[in-house]
Amino acid sequence: MGAVLFLLCLLMLFLRGDLSLMIVARRGEAALTKAVSDGGRTMARKLYLLARILGGLRTDFRRFAGALPRVFMIVSNHQSIADIPALAI
């Protein structure tokens, strides 16, 4: 039942996002570009929250103890699509 509820909430989230982008698109390309860039992080947070609450996603974050180097790279293995919203947050 949790998976069905997760998929329904996911569908509602995407439909709401699509509808809001269609409304913003009427204001012009600049407004649409801003809405997409601003809304991406918000959508990622909502997807991640849905996956945690309804989908049973479990994460293990480990903090780096030292100072970060000036240049570094984050690598994801993409064994599932769950890491994409987590990295976008």
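**View 1. Asp 38 and Lys 34 join their side chains in a salt bridge, with 2.6 Å from N to O.** A salt bridge here is a side-chain nitrogen of Lys or Arg within 4 Å of a carboxyl oxygen of Asp or Glu. The model is predicted, so local features need pLDDT of at least 70 and side-chain atom pairs count only at pLDDT 80 or more, while totals for chains, interfaces and linings use all residues. Residues are numbered from 1 along each chain as its sequence is written, and side-chain values use heavy atoms, leaving out hydrogens and water. The structure holds 1 salt bridge. Asp 38 and Lys 34 are about one helical turn apart because they sit 4 residues from each other in helix α2 (residues 29-53). Helices (H or I, at least four residues) and strands (E, at least two) are DSSP runs, numbered from the N terminus.

**View 2. How exposed are Asp 38 and Lys 34?** Asp 38 has 43% relative accessibility, so it counts as partly exposed; Lys 34, at 52%, counts as exposed. Buried means under 20% relative accessible area, exposed over 50%, and partly exposed in between (1.4 Å probe, protein chains only).

**View 3. Leu 5 lies in helix α1 (residues 2-25).** Leu 5 is partly exposed because its relative accessibility is 41%. Leu 50 is 45 residues away from Leu 5 in sequence, with 9.8 Å between their C-alpha atoms.

View 4. Along the sequence the pattern reads α-α-α. Of the 89 residues, 13% are buried.
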